[in-house]
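Here is a short tour to read alongside the sequence and the 3D view. Please keep both at hand as you go.

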Protein chains: 2
Amino acid sequence: MDKTKKVSITVIRRLPRYYRYLSDLKREGIERISSDDLSVRMGVTASQIRQDLNNFGGFGQQGYGYNVIMLHSEIARILGLNKNFKAIIIGAGNMGHALANYPNFSERGYEIVGIFDNSKDLIGTFAKEHDTSKSSEIRDIAKIKEFVSKNQVDIAMLTVPSLYTKDIAEMAVSLGIKALWNFSPMDLKLPGDVVIENVHLSDSLMVLGYRLKTLEIEG
Amino acid sequence: MDKTKKVSITVIRRLPRYYRYLSDLKREGIERISSDDLSVRMGVTASQIRQDLNNFGGFGQQGYGYNVIMLHSEIARILGLNKNFKAIIIGAGNMGHALANYPNFSERGYEIVGIFDNSKDLIGTFAKEHDTSKSSEIRDIAKIKEFVSKNQVDIAMLTVPSLYTKDIAEMAVSLGIKALWNFSPMDLKLPGDVVIENVHLSDSLMVLGYRLKTLEIEG
DNA sequence: TAGATTGTTAATCGATTAACAATC
DNA sequence: TAGATTGTTAATCGATTAACAATC
């Protein structure tokens, strides 16, 4: 990788998609793939694929293409999937439960180490199905400070009602958490070097509605 | 709106965010806003705001700015929020339940009219909290064809396990549904004029991981 | 070697920002 | 009217695509 110029976020946001397609190729037992063949599968230009990948280094070989297993693991490395990030879920409603049970996260090295809520009915119950380990147990949000001080927590997944999101986000940051995954329909402005990734479900749905209305198939 | 040139998807994807900020301004009782003031709030350039809005018509007034209530309702109209789209949820797991109870959708004219699953344990139970109406009852997926033939269904929200997503998506399209909201970590390729909007949670999380690793704050 | 395909430079395209005349 | 701010054109910037020499 060229150390001087940082890779544009546009390219970064395409990496998970490459990763998915390479996982598929791996599963199919395909050993090598050319940018041309991959471009057909993915519906993008071969040029874009080669440009994107060359932001991080020359993973291919002239006359051969790309080795699937090697490229797959290189992209995993670039994305940091080998880092074993530790995450907590704050808000154990339906969305919190959905995240706790999403199989893809643990597969990709994102480990849910704690789940918090303020509801007396939920505290003490288990959020992960068929899992009665400590990491599955819903804890009292009042104990979050103690938990974060004693355990590595890289990411906070925020699935609390919108009304509380701002306060909870600020609290998480004050505890030293550097990455927030925000599921509330608002933008969070926080001081310091905090990384925020939003999942704005209603935004996505509204775009779907617009495209349905105007029948914009691609996009 | 200029009828000849269609608006780029890049601009469309920014509209829900404008809509959110205008909702905030409305709530705050602010009557008018200049592109300059809005640009400060939103962290974008005033130029971009004016360019974006002028894709759809001149909603502002020189020397005055934009009337908040008027602009809010214009963006709602552009997005089709007055259309009262009817949606069904297929897959009544945690994610399906989360969508069924998400307050923002109904507020914005997206009505959940049916929820389907194949689990005998779930069928007959109610997915929406404090709601025992027919639209809240989880129905047998075997009855979906009959339901769609008798009711208007614009959108199918797909929250089934990945393994079934392709088949379920094809089934939905075969029933005439023209818009799919896909929550599985895969791309759907479907024939015909079908609009698909993906919510790739693990893609989003991987981007968060990358940005945390490299501490890219903006993005 | 000859053929295939990359890595990379150059050309094009589209999106963003700047500037300012129009006008409320 | 004078000041403010839009709508819109022009300039810039960045992203995508095309082309091809390098090389496996």
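In this predicted model, DNA strand D is surrounded by 25 residues. The closest of these are A:Ser47, A:Gln51, B:Ser35, B:Gln51 and B:Tyr66. Sorted by class, the surface near DNA strand D holds 19 polar residues, three nonpolar ones and three charged ones.

Several elements build this surface. From chain A comes α4 (46–53), and from chain B come α4 (46–53), β2 (60–61) and β3 (65–67), each supplying at least two residues. The element that gives the most is α4(A), with four residues.

What part of the DNA does the protein meet? Among the atoms of DNA strand D within 4 Å of the protein, 56% belong to sugar or phosphate, and the rest belong to bases.

| Residue | Protein atom | Atom of DNA strand D | Distance |
|---|---|---|---|
| A:Arg14 | polar side-chain atom | phosphate oxygen | 2.9 Å |
| A:Arg50 | side-chain N or O atom | base nitrogen | 3.1 Å |
| B:Phe59 | backbone N or O atom | phosphate oxygen | 3.2 Å |

A:Arg50, whose side chain lies 3.1 Å from a base nitrogen, falls within the residue range of α4 (46–53) of chain A.

Now let us turn to a sheet region of chain A. Strand β7(A) spans residues 155–158 and is covered on both faces. On one side A:Ile155 and A:Met157 are buried, and on the other A:Ala156 and A:Leu158 are buried too.

Which strands pair with β7(A)? One is β4 of chain A (residues 85–90), which pairs with β7(A) in the parallel sense over four bridges. In this pairing, A:Leu158 of β7(A) stands opposite A:Ile90. Another is β8 of chain A (residues 179–182), which runs parallel to β7(A) and is joined to it by four bridges. Here A:Ala156 has A:Leu180 in β8(A) as its bridge partner.

Finally, how do the two protein chains relate to each other?

Technical notes: Residues numbered from 1 in each chain as written. Chains lettered and ligands numbered in written order. Predicted model: local features only at pLDDT ≥ 70, side-chain atom pairs only at ≥ 80, totals over all residues. Heavy atoms only, no water. Near = heavy atom within 4 Å. Polar contact = N/O pair within 3.5 Å; in protein donor to acceptor, adjacent residues only side chain to side chain. Nonpolar A, V, L, I, M, F, W, Y, C, P; charged D, E, K, R; others polar. Buried < 20%, exposed > 50% of the residue type's maximum accessible area, 1.4 Å probe, protein only. Pairing = 2+ DSSP bridges.
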